[in-house]
Amino acid sequence: MKFGELQPKDLWHYFEEICQIPRPSKKEEKIAAYLLNFAKEQGLEAKKDEAGNVLIIKPASAGMEQTPTVVLQAHMDMVCEKNADTVHDFDKDPIQPYIDGEWVKAKGTTLGADDGIGMAAQLAILASDTIKHGPLECLFTVDEETGLTGAFALKPGFFEGRMLLNLDSEDEGELFIGCAGGIDTVIEMPVEKDAPIGSVFAVKITVKGLQGGHSGDDINKGRGNAIKILNRFLWDLNHKYGIRIADFSGGNLRNAIAREASAVIVFSEKCKEQVRVDFNVYQAEMESVWKLTEPGLKMELESTDLPEQVLVPIYTARLLNALYACPHGVFSMSYRMPGMVETSTNLASVKMLDDNVLITTSQRSDVDSEKMNIAHMVASVFSLAHAKVTHGEGYPGWAPNPDSALLKIAVASYRKLFGKEPIVRSIHAGLECGLFLEKYPDMDMVSFGPTLRGVHSPDEKVNIATVEMWWRHLIDILEHIGEN
């Protein structure tokens with residue numbers, strides 16, 4: 001099957017076009033220009049605000065002028081993750097989507113269906129002269145993935161509608177009416193280095209092949225964190241042999257679970273064989289521990305050139321102890337919405353710089369006080385290691401409204417189309433809806449989308465059949481919203 005054969009045809013056409021346009025977070029100029037040019041070609045009104053958000057306005061179909069204005073919303077940017085052996089410049093190179101059975105994937109990189117598929121749906125509706133709808137405002141926001149910058153900067157009055165369909169969810173058949181709030185906690189740990197002395201040996205240890213995924217929606221799925229797996233072994237080696245760290249690097253983005261991590265360490269040459277034995281034992285242990293949730297886990301140990309500088313022992317110990325103690329994963333489950341995560345934290349990345357180690361973490365909760373509690377817990381761990389800790393501004397959650405009029409319309413539509421009830425729930429991931437609600441307190445919102453898996457990792461994929469189902473649901477809501 002080729003892209004031109006996928007249904008709905010126009011949606012996939014625009015998704016394929018979007019894949020050709022580089023759109024990393026904070027670098028959305030090219031995709032914004034594409035959207036504005038699209039509006040011009042379609043003869044539609046469009047505008048761009050100071051933050052870079054784009055709004056395209058389409059009048060109602062004939063006979064539906066009195067229907068309430070609906071805002072369709074998606075974000076322009078994408079998470080830029082690639083496999084270690086993939087050569088790709090996200091600032092210049094197009095994403096290479098391909099069809100693999102029931103799924104659309106990308107070659108060695110994130111696909112960007114989060115939220116390119118939402119954008120494509122908006123464009124297909126804007127370009128259509130057959131879909132019936134009331135007045136439409138299509139909002140495309142910037143920098144959702146790394147800071148919700150566009151939603152933060154959105155000014156009241158930029159759009160007029162008070163019913164908003166967020167097209168940024170990842171499970172077909174599920175309607176989201178709430179989300180977690182979040183905050184970033186960033187650590188700068190000062191370190192001192194000196195030259196390795198004596199008869200020493202250097203090795204590089206790598207953990208890879210993990211699934212990674214979204215630090216909100218996937219945090220409760222039992223996936224491994226490469227930083228934690230690697231650090232556990234290094235901590236043990238340090239207690240046995242007094243290792244020295246030359247480099248420690250793992251993870252990447254704050255909202256992605258770390259898939260890969262590596263470290264270069266130095267130790268006495270007389271321990272060389274025992275370190276290898278310990279590695280083989282630990283590797284077997286981890287393969288057993290993670291065989292169900294991380295069957296692709298791989299660990300490697302290889303000799304490497306002796307580095308010029310290594311951390312002095314006290315800083316090696318501080319780093320390893322702090323990373324070991326730093327919480328990661330689900331902290332508490334919700335009592336108000338059984339089965340849902342209430343609070344979690346993600347040890348996202350570790351990067352060793354010249355004179356400090358930069359550690360990025362993120363926390364989420366649908367209870368604001370619990371969000372700050374877990375953030376302060378992470379801060380306390382690193383404060384004990386004499387590190388500088390800063391918190392981001394954070395973003396609010398979106399409190400569920402089970403009596404939402406828009407929700408009732410969406411539920412009735414889904415029931416009519418597919419003969420079954422959709423699942424209505426809150427999501428542990430952060431959505432821009434919480435920020436929209438701050439600017440527009442009377443906004444009625446529902447978030448939904450097709451089925452995506454492996455989001456925020458090179459394993460990202462979107463299920464083809466669910467895209468068509470989601471599209472039918474979206475169009476039916478627009479066509480019949482005035483009747484309710």
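Cys 179 is buried, with a relative accessibility of 2%, where buried denotes under 20% relative accessible area, exposed over 50% and partly exposed the range in between (1.4 Å probe, protein chains only). The model is a predicted one, in which local features need pLDDT of at least 70 and side-chain atom pairs count only at pLDDT 80 or more, while totals for chains, interfaces and linings use all residues. Residues are numbered from 1 along each chain as its sequence is written, and side-chain values use heavy atoms, without hydrogens and water.

The closest cysteine sulfur to that of Cys 179 belongs to Cys 433, at 6.2 Å, which is too far for a bond; a disulfide requires a pair of cysteine sulfur atoms within 2.5 Å. Cys 80 is likewise buried, at 18% relative accessible area. Its sulfur lies 12 Å from the closest cysteine sulfur, that of Cys 19, again too far for a bond. Across the whole structure, the search finds zero disulfides.

Attention now turns to a pair of helices. Helix H1 spans residues 9-19 and helix H3 residues 113-127; their axes come within 8 Å and cross at roughly 125°. Helices here are DSSP runs (H or I, at least four residues), numbered from the N terminus, and axes are lines fitted to C-alpha atoms over the stretch in contact, with angles from 0 to 180 degrees between N-to-C directions. H1 and H3 are therefore oblique to each other, since angles under 35 degrees count as roughly parallel, over 145 as roughly antiparallel, 65 to 115 as roughly perpendicular and the rest as oblique.

In the contact (heavy atoms within 4.5 Å), H1 contributes residues including Trp 12, Phe 15 and Ile 18, and H3 residues including Ile 117, Met 119 and Leu 123.

Methods: Helices (H or I, at least four residues) and strands (E, at least two) are DSSP runs, numbered from the N terminus.
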